[in-house]
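Please read it alongside the sequence and the coordinates.

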Amino acid sequence: MIRLLLVVLLSYAFTFTSVGQECDPIPQVIESEDVVLTLDCSPYTLDKSIVVSSGRKLTLEDGVVLNFSGSERYIDVRGELIVGQGVTFNMGYGTYIKTEDSGSIEAIGSESDSITFTGLRYINANNSTFKFVKVISDNHGWGEWLLRLGNSSVENSRITGSNYGVSLYQQSTLKNSKVHNIYRNGLEIQNSNALGNEIYDINIENTTTQHITVYNSNFSGNRIYQTSSTSNNWGI
């Protein structure tokens, strides 16, 4: 009788645990309700693109890992993308993130627990905020800016490894960040601000006429130096 009771209890415990670990798949189009990716179900693996519809929100809890298994996929944000501390995006070849219409991205890490975007082709965003973020490209064959932002801000972050670094427009701000190991143009700002940044080892291939381009912008307190190239085409 005791042995039978133990078997029943163990069976119940196993069943309860299994049900508790079930995780809903991420819908390809988020349009009927908001979606939260939880740490309990991390890591997530995606072989498709994701669209966050207008008025909807995709939230990644602190520490979530999102792995793209396919190439040339994307996250199209027309609503909101909220990224918690310590989240990691492992992007596939040619994979990118963009906002459209009133879409926005809020990616706010911390000094001890930054957010990482790695392997991606680019992030193209408006109305967005990035703090304590690492944007890392391991393929510099693409012709786009790794980070292209309008009406957005980047602070205490690192951008590295791409053909083209950061492009800012529409009163965007790059502050207290590092832009480095860029193979061509490192920074382009138009009607924006670059304040207190560290910019180094850009235009490594020495194939462009300018390292940094500034139009009608506030460019102050930045440290600029070069160890990988002897050219001096700063364009400031």
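Arginine 184 counts as partly exposed because its relative accessibility is 28%; buried means under 20% relative accessible area, exposed over 50%, and partly exposed in between, with a 1.4 Å probe and protein chains only. The model is predicted: local features need pLDDT of at least 70, side-chain atom pairs count only at pLDDT 80 or more, and totals for chains, interfaces and linings use all residues. Residues are numbered from 1 along each chain as its sequence is written, and side-chain values use heavy atoms, with hydrogens and water left out.

**Salt bridges**

- The structure holds 7 salt bridges, each defined as a side-chain nitrogen of Lys or Arg within 4 Å of a carboxyl oxygen of Asp or Glu.
- Arginine 184 forms one of them with glutamate 205, at 3.8 Å from N to O.
- This pair links distant parts of the chain, 21 residues apart: arginine 184 lies in the loop between E21 and strand E22 (187-190), and glutamate 205 in the loop between E24 and strand E25 (212-215). Strands (E, at least two residues) and helices (H or I, at least four) are DSSP runs numbered from the N terminus.
- Glutamate 205 has a relative accessible area of 34% and is therefore partly exposed.
- Salt bridges that share partners join Asp76, Arg78, Lys98 and Glu100 into one network.
- Glutamate 198 and lysine 178 also meet in a salt bridge, at 3.8 Å from N to O.
- The two residues of that pair are 20 residues apart in the chain, with glutamate 198 in strand E24 (residues 198-200) and lysine 178 in strand E21 (residues 178-180).
- Glutamate 198 counts as buried because its relative accessibility is 15%, whereas lysine 178, at 29%, counts as partly exposed.
- Aspartate 34 and arginine 56 form a salt bridge through their side chains, again with 3.8 Å from N to O.
- Here 22 residues separate the partners: aspartate 34 is in the loop between strand E1 (29-30) and strand E2 (35-37), and arginine 56 in the loop between strand E4 (50-52) and strand E5 (57-60).

**Strand E16 and its neighbours**

- Of the 6 residues in strand E16 (residues 145-150), 5 are buried.
- E16 pairs in the parallel sense with strand E13 (residues 122-126) over 4 bridges; two strands pair if DSSP finds at least two bridges between them.
- E16 also runs parallel to strand E19 (residues 164-169), to which 5 bridges join it.
- Leucine 147 of E16 stands opposite isoleucine 123, and the bridge partner of leucine 147 in E19 is valine 166.

**Aromatic contacts**

- There are 6 aromatic pairs in the structure; rings of Phe, Tyr and Trp (its six-membered ring) pair if their centres lie within 6.5 Å, with planes under 30 degrees apart counted as stacked, over 60 as edge-to-face and the rest as tilted.
- Phenylalanine 89 and phenylalanine 117 form a stacked pair, 4.6 Å centre to centre with 15° between the planes.
- Phenylalanine 89 belongs to strand E9 (residues 88-90) and phenylalanine 117 to strand E12 (residues 115-118), 28 residues apart.
- Both phenylalanine 89 and phenylalanine 117 are buried.
- One aromatic cluster is formed by Tyr74, Tyr96 and Tyr122.

**Lining residues of the cavity**

- The largest cavity is lined by Arg121, Ser137, Asn139, His140, Trp142, Glu144, Ser162 and Asn163. A cavity is a set of points on a 1 Å grid over the protein atoms alone where a 1.4 Å probe fits but cannot get out, and lining residues have an atom within 4 Å of a point.

Notes
1 Å grid on protein atoms, 1.4 Å probe; cavity = no way out; pocket = protein on both sides within 12 Å on 5 of 7 lines; lining within 4 Å.
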